[in-house]
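Reader: I would like to learn how to read packing in a model. Where do we start?

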Amino acid sequence: MPVYSSLTHALAEALVGVLWFIEGSDDEQMDPDDAVKVLEGVAHLISTLSSDQRNELTDLLGMMADAEPNPARREFLEGFPDGFGLVGDVV
């Protein structure tokens, strides 16, 4: 079992694990409408983070991507900040 440097890191790993599962699920594993609801819910929650919190999560995701041996999961981690609204204009 990995030991994480902080609660934030552990929770980010858990969040990424759940979202990675949802992204990779086919229609028999998870209803597509439910998957969209979960993904939109996470994107909304992320949109409520402060700028400092978004930066912290973005940096953490970068470290996680750098350490990820699975190329597909590394690509998912690298695309996470843009895909879930951590970067760019915040409304």
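This is a predicted model: local features need pLDDT of at least 70, side-chain atom pairs count only at pLDDT 80 or more; totals for chains, interfaces and linings use all residues.

Reader: Which residues have the most contacts inside the largest nonpolar core?

Author: A nonpolar core is a set of buried Ala, Val, Leu, Ile, Met, Phe, Trp, Tyr and Cys residues joined through side-chain atoms within 4.5 Å. Buried means under 20% relative accessible area (1.4 Å probe, protein chains only). Here the largest core has 19 residues, and Val-16, Leu-19, Leu-61, Met-64, Phe-80 and Phe-84 have the most contacts inside it.

Reader: How are Phe-76 and Phe-80 paired?

Author: Rings of Phe, Tyr and Trp (its six-membered ring) pair if their centres lie within 6.5 Å; planes under 30 degrees apart are stacked, over 60 edge-to-face, the rest tilted. The whole structure has 3 aromatic pairs. Phe-76 and Phe-80 are edge-to-face, at 6.1 Å centre to centre and 80 degrees between the planes. Phe-76 is buried at 13% relative accessible area, and Phe-80 at 2%. Phe-80 and Phe-84 are stacked, at 4.4 Å and 25 degrees.

Reader: What does the side chain of Arg-54 reach?

Author: A salt bridge needs a side-chain nitrogen of Lys or Arg within 4 Å of a carboxyl oxygen of Asp or Glu. Arg-54 is buried and has none; Asp-52, the nearest side chain of opposite charge, is 8.3 Å away. The Arg-54 side chain reaches the backbone oxygen of Leu-49 at 2.5 Å.

Key:
Residues are numbered from 1 along each chain as its sequence is written. Side-chain values use heavy atoms; hydrogens and water are left out. Buried means under 20% relative accessible area, exposed over 50%, partly exposed in between (1.4 Å probe, protein chains only). Lys and Arg count as positive and Asp and Glu as negative; His and the chain ends are not counted. A polar contact is a pair of N or O atoms within 3.5 Å; within protein, one must be able to donate a hydrogen and the other to accept it, and residues adjacent in sequence count only if both atoms are side-chain atoms.
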